[in-house]
Amino acid sequence: MMKNPHFYRPVHETEEHLMFEQRETLKTRSPLLVMQHLLDAVVSGDSNQLQQISDRIFSDADGLIAAGSMSGNPLRNLQYNAATFIHLVCYKCIERGLSQDVAYNQLDEMMHRVDQMTAPDQVLECISVTLRRILDIMRDFHAKARISLPVERCIDYIGLHLHRKITLAELAAFCGLSPSYLSRLFHRETGMPLSGYILRRKLAESVVMMREQGLDSKTAANVLEFSSQSYFIARFKSVYGVTPLAYCKLSAQELRARASGL
């Protein structure tokens, strides 16, 4: 059985060896200021800033490996970096007031997926998807701080019932408001009509189902209660610019480029 050489070196020798590797391979840790900006983008829910910074850091496996050398195995090193970085992101979100359960559930889910992955590109895509998901959670979290209780309850209700048809009358009854008043209130406070918000939440859920769970578009459309597969595909293309099948074939880098325009 081959022994890990780092395990059996004195600490000072291990540090010297790692510094030698960094000099020889020209790989160093990502600048602290850049990583801080990336954290700030996620925690503040700023998708444009996240897009700009992540292109510099997570463009390929070498970009993320530069964040730290934790293993001589490239895949394992990437998995360790993923766990370390997303844990830091979650900690910063909790500092801003996000529930610990919500934050660490994202970390747990990502690590369960990453642990099963066999290629660096898969890990990179998983990190990108997780960052976007946490950013969306934080954006909703900050939005709730600026919205009324009925709209907050409406958003929570939608999130819990994405897998069936949601009507304005149903939401109005749940919030204790008239349908017309709730519709105006929601649009005024969120900048988006209720129907548009429900559609985007359902489409975002369909992306997770197809890219991460391996479901096809017909199954995703049925589970999310779209009236037909053709209607689902048409609405998906109107928001994401491509069909579900084409979207699922995009690389992680192409996804990040598209995400900045959504």
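Modeller: A helix here is a DSSP run of H or I that is at least four residues long, and the helices are numbered from the N terminus. Keep in mind that this is a predicted model. With that, we can say that H9 is followed by Gly176, whose phi is positive, near 75 degrees, and that Gly191, which follows H10, also has a positive phi, near 75 degrees.

Biologist: Which residues of helix H9 are buried, and against which helices do they pack?

Modeller: In H9, which covers residues 168-175, the buried residues are Glu170, Leu171, Ala172 and Cys175, and they pack against helix H8 (149-160), helix H10 (179-190) and helix H11 (194-212).

Biologist: Why do the buried residues of H10 line one face of the helix?

Modeller: An α-helix has 3.6 residues a turn, so residues three or four places apart point the same way. In H10, the buried residues are Leu182, Leu185 and Phe186; seen down the helix axis, they fall within an arc of 100 degrees, so they line one face of H10. Their cover includes H8, H9 and H11. H10 itself, with twelve residues, reaches 16 Å from its first C-alpha to its last, close to the 16 Å expected at 1.5 Å a residue.

Biologist: How many disulfides does a search of the whole structure find?

Modeller: A disulfide is a covalent bond between the sulfur atoms of two cysteines. The search, run over the whole structure, finds zero disulfides. As for individual cysteines, Cys126 is buried, at a relative accessible area of 4%, whereas Cys248 is partly exposed, at 29%.

Technical notes. Residues are numbered from 1 along each chain as its sequence is written. This is a predicted model: local features need pLDDT of at least 70, side-chain atom pairs count only at pLDDT 80 or more; totals for chains, interfaces and linings use all residues. Side-chain values use heavy atoms; hydrogens and water are left out. Buried means under 20% relative accessible area, exposed over 50%, partly exposed in between (1.4 Å probe, protein chains only). Helices (H or I, at least four residues) and strands (E, at least two) are DSSP runs, numbered from the N terminus. Contact means heavy atoms within 4.5 Å. The expected span of a helix is 1.5 Å times one less than its number of residues. The arc is that of the directions from the helix axis to the C-beta atoms. A disulfide is a pair of cysteine sulfur atoms within 2.5 Å.
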